[in-house]
Every structure is written in C-alpha cells, then in structure tokens.
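Subject: Structure handover and notes

Hello,

Here is the structure you will be taking over. Please look through it alongside the notes below.

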Amino acid sequence: MTSTSMRTHQCGELRPEHIGQRATLTGWVASRREHGEKLAFVDLRDHTGVTQCVVDNAVDVRPEYVLRITGVVAERPAESRNDRLATGGIELQDCVVEILNVAEPPPFPVSERADQVAENTRLQHRYIDIRRERMQRNLRLRASVNSAIRSAMESQGFVEVETPMLVPSTPEGAREFIVPSRQQPGSFYALPQSPQLFKQLLMVAGIDRYYQLARCLRDEDLRADRQYEFMQLDAEMSFVDQNDVHRAIGAAVLAAAAAAGQPEAAIETMTWHDAMNRFGVDKPDLRFGMELVDLTEVFGATEFKAFAGAATIKGINATGKADEMGRNKLDGLTDKAKKIGAKGLVWLKVAADGSLESPVAKFLSDTEQGALKSALSAAPGDLLLIVADEWSMTCEVLGTLRNDLGRPPVHEGPYRYLWVVDFPMFIGVDEVTGRPKPGHHPFTQPHPDDVEMLETDPLKVRSQAYDLVLNGWELGSGSIRIHQPELQARVFRLLGISDEEAQKRFGFFLNPFKYGAPPHGGFGLGIDRLVAIFAGEENIREVIAFPKTQSGMDPMTNAPTPVAQKQLDDLGIRVLPPKA
C-alpha cells in the first residue's frame, strides 16, 4: 500500500477484506454513469486499477478530472459485480468528492486501444497516452527489467561507472550526432554511439568488471527496432574468454526475464556459419523450422540451365503454404529475391497426388523431382522455394523469404535465446582500395586459430565477436578485444590505417595499452529491444516513454527545431540552404 497525506489506498488496492473501512482514493475519472436522479457511479483510475465510487449526482465531474474521494468500502450488489476487475467485488459508498483539478476532453479516450488512434496523435499527446494501461504496464515492466539487470550485474562483482556523453568523433562506425564547441570554434564533440573506448580504458585502469545502463545515440534511419537514442546494458570484463562474458550477460538477461514473469529458458550457441547455412540470417528465429537445405548434389547433373553450374543451390519448404500463395504473391516473392540480388527464384507446389506443379517442373527429371521432395520432406500442400547462386546470396535470399513466410509474432511461441559466435573478421574486399572490410570495430580480437591468416587469407579469419539473439531479434553484440599493441597495429595496417594515422585518430585510446592492458572482452545489450519482446510489442516505441517517430520527429515538442541566429553566431555555425 502506498498511502500518502492525500490518500489511504490506491485505486486498484481495495478488496472485500476492506469492507466497512473508510478509505480515501486519488486519481482520474475513467467514466461517469448516471444511476437514477440522485446518484452516479464514478470509476476512479490510477496506474494500479479502477474503483467504482457511488457519488452525489449533483457533483459535476467529467472524464480525466483529478479527484480525491473519501468513502466507506462496501460490497457491490450481486448484479453489478465485475469479476474482470480485481476491485470488482467492492465499491466506495457515502462518498465525499474533492475536485483537485478539472480537465478538458482529451484528444482521444484513455480507454481507447492504441491501434484505433493515429500514432502521431498518440505521440503528440504522449502524457495522455502513458495514462493507458498498456503504456503503464510497459514502462513499469521496463523499470523491473532495469532493476533486475542491475542486481544481477552487481551480484557478479560488476561496478557501475558513468562514462562521458561528450566524446571525440570516431566516424568509422555508425553515423554520429555531433555537438559544436563554443569555446573551441570549428571543433566538435560527438555524442557516444557506445561507451566502447572508455570501458576498455577502465579495464586498463584495473576496474576489472564494469557495467552501466548507458544511453547511446546513433544518427541512423529509424525503424521498428531502432531509435536515435537507445539504452543498453554496457559491460566489460578483464581476464576472461568469451564463455565468461556469455555467462555473465546470460545471467543478467535471464534475471530480467524472471522479473518480467517470463519462463526459464536455456541459451543455445551456434556459429555464424551454421546460422547462415541453416537459417540464412545471422540472427535466426528458432521458434519455427523451414530451415535451408543444400540441394547442390540433388541437381549436380541437371540439364536445367538455371541450376547447371551454380556454386550453391538451396531450398526451403514453406509447409502448407501452397494453397494460399497465388501467382501474384509468387511473382512478388520472385521480385523480392531479385531485388536482394539473386538471378531468380524457382517455386514448386506439391499437389494432392504428390506431383510438382510449376512452370519449371518439366525441366526437372523424375529422379531430380523425387530427390528434391525427399530432401525437403515435401508433402501435399507444401510450397518449395529454390535459389541457385553464390553461397552467401542463396543464404540471404532464402533467409529473408523464410522470415517473411514463417516468422510468428514476437509474443507467440517459446523464448529461444541464442549466442551466435565466430563471426567473420572481415566481410569482403573494398573495390576501390582492395583492402578487406571489417565486420566489426577494429579492436575485435581475431580467433586465435586464425591469426596467422591475417595477411595471407584475411577473409577466412574468424573473429571473437558474438551476438545474443532472442526470437529473431538481435539483443546486442560484443567481442573479446585486442589487448596487444602489436596485434592491433597489424589489424590497422590490414585496414589501411598507418601507424601515424592510428596514433592521430586513436592515440588517446592506444597509448594507455602500453602500460599493461589485461585480456578483456565485453558486450552491449539493447534494453529497448529486450523489454519490447517481454512486453509482446513489435515496436520499441511502445516501451519508450518519449520516442521519436520513424522520420525522427518528436510530435510533442516539435523537435528538431531551428535555433536562434545568435546561438549559431556564438558557435560559429552557418546554416546552408537545403540542396535542390
């Protein structure tokens, strides 16, 4: 019970055991219903729930008025009980009503479902939107998750340290927000994409186990799982390997899940290559099957031109999807495959008699058709999709189609946590420079078995980078870091960063490593995404108090807005007109 000088109980707390007691409630009017000439029913609401109050009909109260009501707790008449409410068996009678504040009619009813109100309207009046039960539940769930994470990290010996919000620009990562310096005209700070450099320096400083619920900022296009501002559990550990990091972060995540009322679940592990080979993506959703199957041997001697000579042929079985996929939808799948980069997409439907129906079926021999159905465990009503291309392209296309056709909503099915490990150190070669392109930040440790291939065969080098995935959402990523200056210099040179340039760009970070840097690794876990999954939300905006829209606007404050010319003059900034 959270009594104050103005109330004895909150609106969702009263129960039949309180009958006969005098109680004082405070809150907002959820509804008012006339009950004859002399009485009215007022439902008073706060974040804990609703209590029905029997008041004098002459009292003029309207929805969202702020009231203080004192009365006697009584049993509701049997005909008016509401078993859907925790307070549905009682009501307040003999009520005295004090109007603490009046309210204009809100732009939308607080009881209205979110999908019945335009999102811009909800965000413009977010303070009304947050009164709704769904938003109250989500934000309080978020607080419980944060508290559980803090407790789990501190119980493992982690120390919370705040790192700077004004940092030097390191533009080799995502696009940054920059902040002009008034005292140093022409120079700029950046807002942190993550505390990466500082948390590694804390390891050099001997903190040993650092964590922070850190606010990070990236100037990237917004989408359902991305905002300019986001919160992450940021952690770093000394004298560890990646399994130690996995255990520590896993303990925090599972503690958060328990605090959110989610069932226990194991965290599985899979290599990046296996994830791509089986699911076509590096953040696979394990709640459903439809795995990619290699069909290269099935069509090894084929005369079908689209398959002949292909480096890799893979397929998926969209079980039971044949009847719901008409020609227009199938053409849409083909167009999507081509847009991703494939030469095309072959589809075949399995008919009731087991035969294959497709424009290309006539080009496949009976032996090939039989082997295809066997390899994909095909049954009548199934839709078979096949791509023939380079290995990476077949994986990417079929992985995308697999998610499109089979992925369930975020709140359905079991929770499937997965560590994805052994990511490639490099993800191809830059066409201009001829140098390998990094798959992660340049401080990521190569796999110890592959270090000798750095200069001779860099694209085969695995990194000690890892991601944590839940139901197809990437929760975060991390790595074991390079702690030896010599190895760091080798990686920089491979990327075309000379010793001089490295010193200029990262000297403040690299120089301390000369004084004894321990082996260390860490992780960044997205709090917004984790809470969204626990809340059953498909969009992280629903678990953030004051988010931006997909265009980056804040309809409530109208940010971003122009600033006064004097401020620009003080900062030495000239605003150019928009490009035509």
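What follows is a summary of side-chain contacts, aromatic rings and nonpolar cores.

This is a predicted model, in which local features need pLDDT of at least 70 and side-chain atom pairs count only at pLDDT 80 or more, while totals for chains, interfaces and linings use all residues. Residues are numbered from 1 along each chain as its sequence is written, and side-chain values use heavy atoms, with hydrogens and water left out.

Salt bridges

The whole structure contains 40 salt bridges (a side-chain nitrogen of Lys or Arg within 4 Å of a carboxyl oxygen of Asp or Glu). One of them joins aspartate 285 to arginine 287, with 2.7 Å between the closest N and O atoms. Aspartate 285 is buried at 1% relative accessibility, and arginine 287 is buried at 13% (buried is under 20% relative accessible area, exposed over 50%, partly exposed in between, with a 1.4 Å probe and protein chains only).

Arginine 462 and aspartate 422 form another salt bridge, the closest N and O atoms being 3.8 Å apart. Arginine 462 is in the loop between strands E19 (436–438) and E20 (465–470), and aspartate 422 is in the loop between strands E17 (417–421) and E18 (426–429), so this pair ties together parts 40 residues apart in sequence. Helices (H or I, at least four residues) and strands (E, at least two) are DSSP runs, numbered from the N terminus. Arginine 462 is partly exposed, at 29% relative accessible area, whereas aspartate 422 is buried, at 17%.

A salt bridge also links arginine 493 with aspartate 499, at 3.4 Å from N to O. Here arginine 493 is partly exposed at 44%, and aspartate 499 is partly exposed at 42%. Elsewhere, a network of salt bridges takes in Arg122, Arg126, Asp129, Arg132, Arg134, Glu537 and Glu542.

Aromatic rings

There are 15 aromatic pairs (rings of Phe, Tyr and Trp, the last by its six-membered ring, with centres within 6.5 Å; planes under 30 degrees apart are stacked, over 60 edge-to-face, the rest tilted). Phenylalanine 443 and phenylalanine 506 make an edge-to-face pair, because their ring centres are 5.4 Å apart and their planes stand at 90°. Phenylalanine 443 sits in the loop between E19 and E20 and phenylalanine 506 in helix H11 (residues 499–510), so the pair connects parts 63 residues apart in sequence.

Arginine 402 lies over the face of phenylalanine 288, 3.8 Å from the ring centre (the criterion is NZ of Lys or CZ of Arg within 6 Å of the ring centre and within 35 degrees of the ring normal).

Nonpolar cores

A nonpolar core is a set of buried Ala, Val, Leu, Ile, Met, Phe, Trp, Tyr and Cys residues joined through side-chain atoms within 4.5 Å. The largest has 45 residues, of which Val145, Ile149, Leu233, Ile249, Leu525, Leu530 and Phe534 touch the most other members. Another core, apart from that one, has 32 residues, including Phe279, Leu292, Leu385 and Phe423. Leaving out residues up to four places away in sequence, phenylalanine 534 has contacts (heavy atoms within 4.5 Å) that include Leu141, Val145, Tyr415 and Leu470.

Regards
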